[in-house]
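This report describes a predicted model.

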Amino acid sequence: MFFPSSEIEVVAILSEAKEPLSVAGGNTRVLAPSGSKIISTSKLSGVIDYEPGALTMIAKAGTPLSEIQKTLNSEGQCLAFDPYNWSRFINKKGSSTIGGVFAANVSGSSRLRVGAARDFLLGIRLVDGLGNIIQNGGRVMKNVTGYDLVKLFAGSWGTLGILTEVSFKVLPKPETEATIVIHGLNDQLALDAMIDATATPFDVSGLAHFPKQKETMIRVEGFENSVKYRVERLMEIFKQYREINTLDADKSMQVWRNISLLSSLKSNNDDLWRLSVKPTESTQIVQKTKFNDYFYDWGGGLIWGLASPNQDVREHVPAGYGHGTCLQTKSERIPMFHPYDGTISGIKEGIRKSFDPKQILNQYLVI
Amino acid sequence: MDIPLASTSRIEKKPELVEALKKVLPASSILEDKAETLAYECDALTAYRCPPMLVVLPETTAQVSEVLKLCHKMNIPVIPRGSGTSLAGGAMPSADSVVLGVSKMNSVLETDYRNRFIRVQSGLTNIGVTNAVEDNGYFYAPDPSSQLACAIAGNIGMNSGGAHCLKYGVTSNNLLGVKLVTMDGQILEIGGAAFDSNGLDLLSVVCGSEGQLGVVTEATLRILHKPEGALPVLIGFNSNEIAGQCVSNIIKAGILPVAIEFMDRPCIEATETFSCAGYPDCEALLIVEVEGSLDEIDEQIDKIMVIAKSLDPTDLRRAKDEEQANRIWLGRKSAFGAMGQIADYMCLDGTIPVNKLPYVLKCIGEMSKTYGLSVANVFHAGDGNMHPLILYDANKPGELTKCEEFGAEILRLCVEVGGCLTGEHGVGIEKRELMDYQFTADDIDAQLRIKDVFDSKWLLNPLKVFPLHHTEARRMAFNC
Ligand SMILES: Cc1cc2nc3c(=O)[nH]c(=O)nc-3n(C[C@H](O)[C@H](O)[C@H](O)COP(=O)(O)OP(=O)(O)OC[C@H]3O[C@@H](n4cnc5c(N)ncnc54)[C@H](O)[C@@H]3O)c2cc1C
Ligand SMILES: Cc1cc2nc3c(=O)[nH]c(=O)nc-3n(C[C@H](O)[C@H](O)[C@H](O)COP(=O)(O)OP(=O)(O)OC[C@H]3O[C@@H](n4cnc5c(N)ncnc54)[C@H](O)[C@@H]3O)c2cc1C
């Protein structure tokens with residue numbers, strides 16, 4: 001196992017590497033097959049620069065997410081895409097790293113309104129598979145100088161290079177929040193309600209539905225009076241539902257924290273699935289998947305599900321309607337990422353080869 | 001500006017190419033003679049122009065694919081073009097190239113309010129998108145000032161921004177998918193109606209690739225429900241520093257305005273003479289616009305007023321209704337026109353970290369004296385995207401060159417303080433040679449390798465974005 005403590009050491013390791021290496025951030029999940037050689041970023045740690053007045057931070061890639069969040073918190077700011085954390089499912093301890101979060105493009109419930117992790121990443125430094133140091137983007141919010149490799153690396157899962165430094169946009173924490181809960185709706189009615197909520201000017205920042213509990217959650221965030229006003233207006237829109245109530249800030253925060261930990265899904269031997277789909281198709285897709293348990297986020301655009309082992313539920317996601325990722329499985333037969341069509345795969349493979357011609361990085365991932 | 005010599009062997013293939021094109025395109029889609037191609041000799045960077053070999057205006061994706069296949073086979077460079085409003089020379093042709101314009105492909109294909117997207121052909125104008133959904137209460141957020149003319153194709157090519165991007169992001173944050181035809185004629189569907197991309201995010205690298213990776217023929221775009229309303233407040237200050245401080249304090253206070261625009265004294269004076277907007281006599285002014293219901297707007301403007309007052313402003317004007325709002329915006333909206341009345345100008349587009357604003361403005365002021373050319377500053381302050389306008393006289397020999405040198409010095413300064421050469425206009429030919437200042441050879445090589453994957457023969461818009469010495473070997477490989 002390698003623990004480089006500087007970018008130059010990463011360069012040395014990669015330029016000499018002859019065998020495959022698995023890239024690990026905080027190890028909240030080492031996805032790598034057992035026995036593979038690991039290069040960890042845990043010693044590339046620390047916040048380099050933080051400008052609250054410019055809403056930007058630069059940090060080394062191995063900085064624990066918890067440290068980033070603590071620093072931001074002290075200035076009343078946050079990572080607005082509030083990443084999900086489901087380390088509970090694989091019984092791994094440790095803290096995610098900021099590099100791992102961006103490498104996996106992990107975004108939480110707010111994605112509906114503010115965008116994904118990739119939309120917040122402003123600049124990167126990385127070492128490619130040959131040991132070249134490459135910089136792209138920067139620390140400013142608007143930048144169209146050359147190709148955007150920044151977003152390409154967000155969600156590249158360590159297959160193109162090892163991020164050593166990331167610069168990203170942060171946002172002020174909302175002053176307060178509230179959640180409206182509608183009770184008793186079936187999936188289709190809940191989907192309709194969530195879609196109705198997006199068809200308003202009220203800037204809804206979370207839309208989830210729990211089929212077992214038959215609870216549909218609608219969150220708004222912002223300044224106090226504004227939250228109060230928008231809750232009132234939304235309650236008017238949903239007045240045809242008899243069972244409806246509002247959660248205050250504390251309760252609301254608890255609900256969404258639980259969602260980000262996937263608390264409602266009971267961890268067992270099932271495979272954990274994440275489907276990103278066209279919202280209006282979500283209920284149809286779910287019907288076919290036979291999930292043992294599941295819930296919706298992103299107003300139907302995201303489905304979290306537990307399925308009995310060895311079923312590739314992606315066969316139920318028609319082409320053009322989205323894609324699925326298998327996050328946890330004991331089966332070798334289920335690839336993690338959604339297969340894609342031939343022409344595009346040529347381009348993806350070409351890009352991967354151009355950054356890692358020696359085929360060193362995370363070879364076990366077919367992305 | 002160094003423009004490489006056109007390849008005569010390519011130009012000699014013109015008759016053969018025209019014959020072949022006639023088999024795949026209607027006659028009205030092929031423009032051959034100089035009078036017809038005149039309008040395609042340049043884009044909005046009018047200082048540079050060159051007649052192309054040919055212009056083609058296909059009507060379908062299948063036709064685009066056929067044209068590209070032919071050019072690929074014959075090794076003829078292709079310059080994708082939307083509406084030609086690029087300020088960076090991104091759509092400027094070379095004499096041995098074919099301009100491929102998508103202006104005939106301008107239909108709306110699908111509007112889906114439940115999933116909040118619209119699918120359009122890429123030749124549709126930016127305003128055309130909002131027009132298509134406005135009656136239902138929706139809008140498309142990226143709004144370049146050129147939105148009446150510029151096409152979605154060019155917006156994707158340049159990853160364009162606009163006044164609202166402080167809150168809503170730029171094109172790449174609002175683009176869900178594209179239909180892309182690669183140089184060898186393959187038609188790819190990238191992205192779509194789902195929130196996230198599957199595996200490697202190819203969409204993000206296509207957006208902003210300045211027509212070098214493929215021709216975009218269709219786009220799926222996020223549409224958003226309109227806010228209840230929006231109103232601005234105007235704040236005047238006695239110095240650029242304090243105005244810069246005010247921007248920072250507003251952002252820190254947790255307020256997220258839709259726009260924060262900044263104008264300095266030269267700009268205020270010029271627009272005042274031109275538009276008579278009644279702007280205050282001050283060193284710097286800010287226009288801050290917030291959205292929501294009337295009460296929500298009040299709540300935010302109250303907070304902004306408190307911040308502004310603590311900085312001793314010379315003027316504070318809060319719009320109470322649409323008419324007052326229009327008055328506040330009048331000067332800002334006519335700023336470019338006002339400058340055009342006074343002189344020829346070059347519009348720069350560097351971005352800097354917001355806290356470096358006062359320092360950079362001071363340096364620009366000093367450079368202005370050294371070069372003997374005036375500069376007016378008007379820009380999107382919330383995200384540090386500057387638009388210094390350098391005034392010059394195109395009829396005076398040598399003045400354009402002097403202006404370009406001055407511009408380059410400002411852009412180098414932007415990079416030095418931690419910013420970049422271009423925030424929304426793109427590199428094109430204009431800033432091509434400055435790329436070495438922002439990037440190392442390895443940084444640039446990583447980008448060239450991406451182009452190799454999409455366009456191995458280097459035929460799509462090959463003379464743009466990268467300093468010519470980096471691309472020469474690649475460009476010459478199929479120059480026959
Ligand atoms: C589709 C999806 C699936 C997920 N599956 C799981 C899961 O099964 N278990 C789990 O605990 N979390 C999972 N997550 C969450 C996500 O992995 C973590 O929240 C986050 O990536 C953890 O950071 P880490 O530092 O622990 O990264 P790691 O778990 O160590 O790594 C995550 C990925 O990023 C790469 N990576 C890490 N650091 C770098 C770097 N500096 N440069 C380049 N690449 C890097 C790794 O090679 C790996 O592919 C998933 C997220 C998504 C979006
Ligand atoms: C008065 C004025 C104001 C402006 N204001 C703004 C502003 O506020 N914000 C801003 O960001 N920009 C602004 N611009 C710049 C310009 O309008 C934008 O860059 C715009 O997006 C260009 O669109 P277009 O359709 O005119 O593209 P073109 O000029 O035709 O092309 C631009 C680039 O995109 C490529 N391209 C064109 N079509 C395709 C295609 N189908 N597939 C692939 N690549 C393609 C071209 O090759 C070229 O590199 C302004 C310009 C003017 C003249």
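## Nonpolar cores

The largest nonpolar core holds 211 residues, among which F168(A), I351(A) and I450(B) touch the most other members. Such a core is a set of buried Ala, Val, Leu, Ile, Met, Phe, Trp, Tyr and Cys residues joined through side-chain atoms within 4.5 Å; buried means under 20% relative accessible area (1.4 Å probe, protein chains only). Helix α16 (residues 399–416) of chain B supplies the largest share of this core, eight residues. Helices are DSSP runs (H or I, at least four residues), numbered from the N terminus.

Beyond its neighbours within four places in sequence, I450(B) is in contact (heavy atoms within 4.5 Å) with Y147(A), L149(A), L152(A), I351(A), F355(A), V205(B) and L213(B). A second, separate core has 28 residues, including L68(B), V78(B), M105(B) and A153(B).

## Helix α7 of chain A

Helix α7(A) covers residues 187–198, and its buried residues include L191(A), M194(A) and I195(A).

## Domains of chain A

An automatic or database assignment divides chain A into domain 1 (7–172) and domain 2 (176–260). Their C-alpha centres are 32 Å apart. About 710 Å² is buried between these domains, with carbon and sulfur atoms giving 48%; this is the accessible area (1.4 Å probe) that the two parts lose on being put together, summed over both. On the domain 1 side, S109(A), L112(A) and R113(A) lose the most area, together 67% of what that side buries.

## Conventions

Residues are numbered from 1 along each chain as its sequence is written, while chains are lettered from A and ligands numbered from 1 in the order in which they are written. Local features need pLDDT of at least 70 and side-chain atom pairs pLDDT 80 or more, whereas totals for chains, interfaces and linings use all residues, and side-chain values use heavy atoms, leaving out hydrogens and water.

Notes:
Buried < 20%, exposed > 50% of the residue type's maximum accessible area, 1.4 Å probe, protein only. Helix = DSSP H or I, 4+ residues; strand = E, 2+ residues; numbered from the N terminus. Expected span 1.5 Å × (residues − 1).
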